[in-house]
Amino acid sequence: MAVLLGLTACSGGDKASDLTAPRNQLLKEDRSATGGDDQLSGGVNAYLWRGALDTLSFMPISTADAVGGFILTDWYTPPAAHGERFKITAYVLDKRLRSDALRVSVFRQVYEGGEWTDVPPAANTSSDITSKILARARQLRADNGNNDN
């Protein structure tokens, strides 16, 4: 999103004030947990974030940014699978605990002919991981008395 904002700020207009004026309508998107304010305040849903971290904790985490809402794992080879490895990227997109506030991408490689080759994961892998993250997030919320704070 920072790249997108940077590109939109550089396009068009000759005045210095044009460079600082937001040009992206997404900046006005309501992203608060309660739906009450109309400012881009940063941050993500804490339950989704914690649920994603808990669910993906079996894999080595390469990068995690709670404010930006993304988790990137390093390559992981399951103990039972030789010559196969996975990497997962999870994005928490909103402050609300909703299924569409989470995007999970799974990458798979197999070792063939002395090199790693990209192959698609099973069709349900991403949705299964998403479901587990959502279930964990709901459990964390329930453990907190169904409070959003």
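1. How many helices and strands does the protein chain have? The protein chain has four helices and five strands, where helices (H or I, at least four residues) and strands (E, at least two) are DSSP runs, numbered from the N terminus. Their order from the N terminus is α-α-α-β-β-β-β-β-α.

2. A word on the source: this is a predicted model, in which local features need pLDDT of at least 70 and side-chain atom pairs count only at pLDDT 80 or more, while totals for chains, interfaces and linings use all residues. Residues are numbered from 1 along each chain as its sequence is written, and side-chain values use heavy atoms, with hydrogens and water left out.

3. Of the 149 residues of the protein chain, 27% count as buried; buried means under 20% relative accessible area, exposed over 50%, and partly exposed in between (1.4 Å probe, protein chains only). Helix α3 (residues 46-55) is mostly covered, with seven of its ten residues buried. These are Tyr47, Leu48, Trp49, Gly51, Ala52, Leu53 and Thr55. Their cover includes β1 (61-65), β2, β3, β4 and α4.

4. The axes of α3 and α4 (residues 125-143) come within 8 Å and cross at roughly 125°. Axes here are lines fitted to C-alpha atoms, for helices over the stretch in contact, and angles run from 0 to 180 degrees between N-to-C directions. The two helices are therefore oblique to each other; angles under 35 degrees count as roughly parallel, over 145 as roughly antiparallel, 65 to 115 as roughly perpendicular and the rest as oblique.

5. On the α3 side, the residues that meet α4 include Tyr47, Leu48 and Ala52, and their partners in α4 include Ile129, Ile133 and Leu140. Contact means heavy atoms within 4.5 Å.

6. The largest nonpolar core has 23 residues, and those with the most contacts inside it are Leu48, Ile71, Ile88, Leu102, Val104 and Ile129. Such a core is a set of buried Ala, Val, Leu, Ile, Met, Phe, Trp, Tyr and Cys residues joined through side-chain atoms within 4.5 Å. At least two residues of this core come from each of α3, β3 (84-92), β4 (102-112) and α4. Leu102 touches Leu48, Tyr91, Val92, Thr130, Ile133 and Leu134, not counting residues up to four places away in sequence.

7. Pro78 lies in the loop between β2 (70-73) and β3. Pro78 is partly exposed, with a relative accessible area of 21%. Leaving aside residues up to four places away in sequence, Pro78 touches Glu84 and Phe86.
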